[in-house]
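Keep the 3D view open as you read.

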Amino acid sequence: MQEQAGTTRRSAAGVLHGRKIIDAIKASGIEFIPCLPDIHTSEGLLRPLWREPGLRMIRVCKEDEGVGICAGLSYCDKRALLLMQYTGLLDSINAVRAVGVEYGLPICMMVGLLNKEPGVAPAQSKSYGVRIVGPILDAMGVAHHVIETDADVGVIRPAIDDAYGHGHPVVLFVGGNALP
Amino acid sequence: MTMQRDQALRVLARHVTDDIVVAVYTTAFDWIAIRSGPLNYIATGAMGLGSSHALGLALGRPDKRVLALDGDGSLLMNLGTLVTIAEVAPMNLIHFVFENGTYEANGSHRTPARNHVDFSALAVAAGYRSCHTFDDLVTFANEIGSVLGEPGPVFITMKVEPGASPKFDYEHMHSARVREEFKAALASLA
């Protein structure tokens, strides 16, 4: 809902480090990461995550599997973060609708915005898919945030805490190429 | 040869103690009529995801056995789950598919798999630790006790036809009360 276009413009010249994202993920109490690769986050985030102690990585074949896995874990008071590309999020909309929104479960997703131009807000992207994904989430009432540079990483922990505290899904878009 | 689903579930119920049971759609309605209780997880939301919810529960509660009572129509919507579960290889997950060749909850139209897809063979190929197929109630009753003792992930194809028609109470299935009772029961499990 609150796509942070202002933040995106303000920090357009900055960089995004996967290390900072990983630290924020761990500080959020995440233990499990169901994942499919995304080229924006492949080298700077996903590969380092596999080497990171204290996290259980789960390769899934399709993104909506991850929604179900996160749901099951949430009943066990285990926090999870589903890592995927925005195309996979679009493919998982029905699962997010049913399990996240209608059941009120804390489905937390970190989503790479393939083809989003650096420093350009998703809503202004030339990519049709990048432009529409935020409005689709708005229509569903799903909170979302954009992480473009290191300055935006601070949104991760409160967003995840809020999802688990109040029982709702949240999408954390990764709008820049994460560096190792 | 096939079994009546409700009869097979009655046999299975004799072996269920404090297991977590994830059941989908028509099988779920049959199951909760036979064995009600708060450890039944029937709110899987989107069709096909039952076994994925079960995997999450199996990972979150490795101290408890998780039984997934899937349907063939549901599994067909999420066949990749076989590969994912096999890779994660939770020792405490038993994955049943109740195969009747139809999308029973949606009008009993036939699936594209009917009569020519071997679900247990798919699970073997995906890498489940052990796989079984039952089409006879007596054999199932004789063997299920020992099958449930095998280390998971175990896959079991149940060749069934509908038995007595269950009550389709979707309001109950999707109610917040069911989910809250499940969460409380799970938290209280030693």
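A contact here means heavy atoms within 4.5 Å. With that in hand, look at A:M110, which touches A:I21, A:I25, A:L45, A:L81, A:L82, A:L83, A:M84, A:I147, A:I156, A:L172 and A:V174, leaving aside residues up to four places away in sequence. Before going further, please note that this is a predicted model, in which local features need pLDDT of at least 70, side-chain atom pairs count only at pLDDT 80 or more, and totals for chains, interfaces and linings use all residues. Residues are numbered from 1 along each chain as its sequence is written, chains are lettered from A and ligands numbered from 1 in the order in which they are written, and side-chain values use heavy atoms, with hydrogens and water left out.

Buried means under 20% relative accessible area, exposed over 50%, and partly exposed in between, using a 1.4 Å probe and protein chains only.

Now step back to chain A as a whole. It has 8 helices and 9 strands, where helices (H or I, at least four residues) and strands (E, at least two) are DSSP runs numbered from the N terminus. Its C-alpha atoms fill a box of roughly 40 × 35 × 30 Å along the principal axes. Residues 24 or more positions apart account for 80% of the contacts in chain A with a separation of 6 or more.

Within chain A, find helix α3 (residues 42–51), whose buried residues are A:S42, A:G44, A:L45, A:L46, A:P48 and A:L49. An α-helix has 3.6 residues a turn, so residues three or four places apart point the same way. The cover over the buried residues of α3(A) includes α2 (18–27), β2 (30–35), β3 (56–59), β5 (82–85), β6 and β9 (178–179) of chain A.

Chain B comes next, with 9 helices and 9 strands. Its radius of gyration is 15 Å, close to the 16 Å that the globule rule gives for 190 residues, so chain B is as compact as a globular protein of that length. The C-alpha trace of chain B spans about 45 × 35 × 30 Å along its principal axes, and buried residues make up 56% of the 190 residues. Among contacts in chain B between residues at least 6 apart in sequence, 74% join residues at least 24 apart.

Finally, a few backbone details. Most residues other than glycine have a negative phi, and most peptide bonds are trans. A:D77 has a positive phi of about 60° although it is not a glycine; this residue lies in the loop between α4 and β4 (79–80) of chain A and counts as exposed at 56% relative accessibility. A:N115 also is not a glycine and has a positive phi of about 75°. You will find A:N115 in the loop between β6 (108–112) and α7 of chain A, exposed with a relative accessible area of 53%. In chain B, a cis peptide bond joins B:G152 and B:P153, with omega about 0°, and B:P153 is found in the loop between α7 (137–147) and β9 (154–161).

Conventions:
The radius of gyration is taken over C-alpha atoms; the globule rule is 2.2 Å times the number of residues to the power 0.38.
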